[in-house]
Amino acid sequence: MSKGRLEAFSDGVIAILITIMVLDLRSPAESDLAALAGILPGIGMYLLSFVFLGIYWNNHHHLLHATTAISGAVLWANLHLLFWLSLVPFATRWIGESGLAPLPTAMYGCVLLLAAIAYSILVRAILACQPPHSTLASAIGSDFKGKISLVFYAAAIPLTFVNRWIAVALYVLVALVWLVPDRRIEAHLSAAPSSRGVRD
């Protein structure tokens with residue numbers, strides 16, 4: 001089963017989600033700084049969500065680049081991931097329009113948490129149909145960044161009702177963790193002789 005259509009479809013969905021988010025941005029009602037300040041939470045959440053979608057797009061590309069085979073389970077796991085990512089524009093709009101109210105902020109964290117869980121499921125589904133001791137399995141390793149992200153999201157959701165800024169700080173922290181370039185897959189592909197047959 002070819003992975004090309006899977007990657008092309010996923011790329012298209014993520015591009016559409018980014019487009020939806022930017023179309024949801026509203027210009028200030030007035031032409032003064034006070035009006036601009038009123039929409040800053042929405043702009044800030046758009047930026048954060050854009051970064052998250054970019055991180056998923058980047059990691060999804062690297063994951064499939066190192067994948068030699070996919071299965072029906074991988075297709076469904078990928079759709080599961082795209083479902084949760086498709087809720088990012090809704091959660092972004094709600095948290096921005098509410099001015100970071102506790103419930104929308106917690107809901108935003110729930111979407112991020114469930115998307116992260118879905119990505120972990122996708123990784124496991126892909127690993128299940130790779131050859132034993134595959135380059136991808138070696139590159140993924142213990143997936144510390146993935147596990148710590150789940151912990152931060154799970155902690156942020158209840159902390160939203162204590163202080164919303166703690167939750168937002170944890171969301172930003174996860175984004176910063178993933179913004180640091182992760183060269184595991186690239187390094188393993190470069191080192192593995194079999195990687196010569198894998199192309200972008």
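The model is a predicted one, and of the 200 residues of the protein, 41% count as buried. Among contacts between residues at least 6 apart in sequence, 81% join residues that lie at least 24 apart.

Two packed helices are described by the angle between their axes and by the distance between the axes. For helix α3 (residues 40–65) and helix α6 (residues 102–128), the axes come within 12 Å and cross at roughly 5°; because angles under 35 degrees count as roughly parallel, α3 and α6 are described as roughly parallel to each other. The contact involves Met45, Leu48, Ser49, Phe52, Tyr56, Asn59, His60, Leu63 and Leu64 on the side of α3, and Tyr108, Leu112, Ala115, Ala116, Tyr119, Leu122, Val123 and Ile126 on the side of α6. By class, the residues of this contact comprise 14 nonpolar, three polar and no charged.

Helix α6 also packs with helix α9 (residues 164–179), their axes coming within 10 Å and crossing at roughly 25°, and this pair is therefore likewise roughly parallel. The crossing of α6 and α9 is left-handed. Here α6 contributes Thr105, Ala106, Tyr108, Gly109 and Leu112, whereas α9 contributes Arg164, Ala167, Val168 and Tyr171; the contact of α6 with α9 is made up of six nonpolar, two polar and one charged residues.

Key. Residues numbered from 1 in each chain as written. Predicted model: local features only at pLDDT ≥ 70, side-chain atom pairs only at ≥ 80, totals over all residues. Heavy atoms only, no water. Axes fitted to C-alpha atoms, helices over the stretch in contact; angles between N-to-C directions. Helix = DSSP H or I, 4+ residues; strand = E, 2+ residues; numbered from the N terminus. Parallel < 35°, antiparallel > 145°, perpendicular 65-115°, else oblique. Contact = heavy atoms within 4.5 Å. Nonpolar A, V, L, I, M, F, W, Y, C, P; charged D, E, K, R; others polar. Left-handed = near helix turned anticlockwise from the far one by under 90°. Buried < 20%, exposed > 50% of the residue type's maximum accessible area, 1.4 Å probe, protein only.
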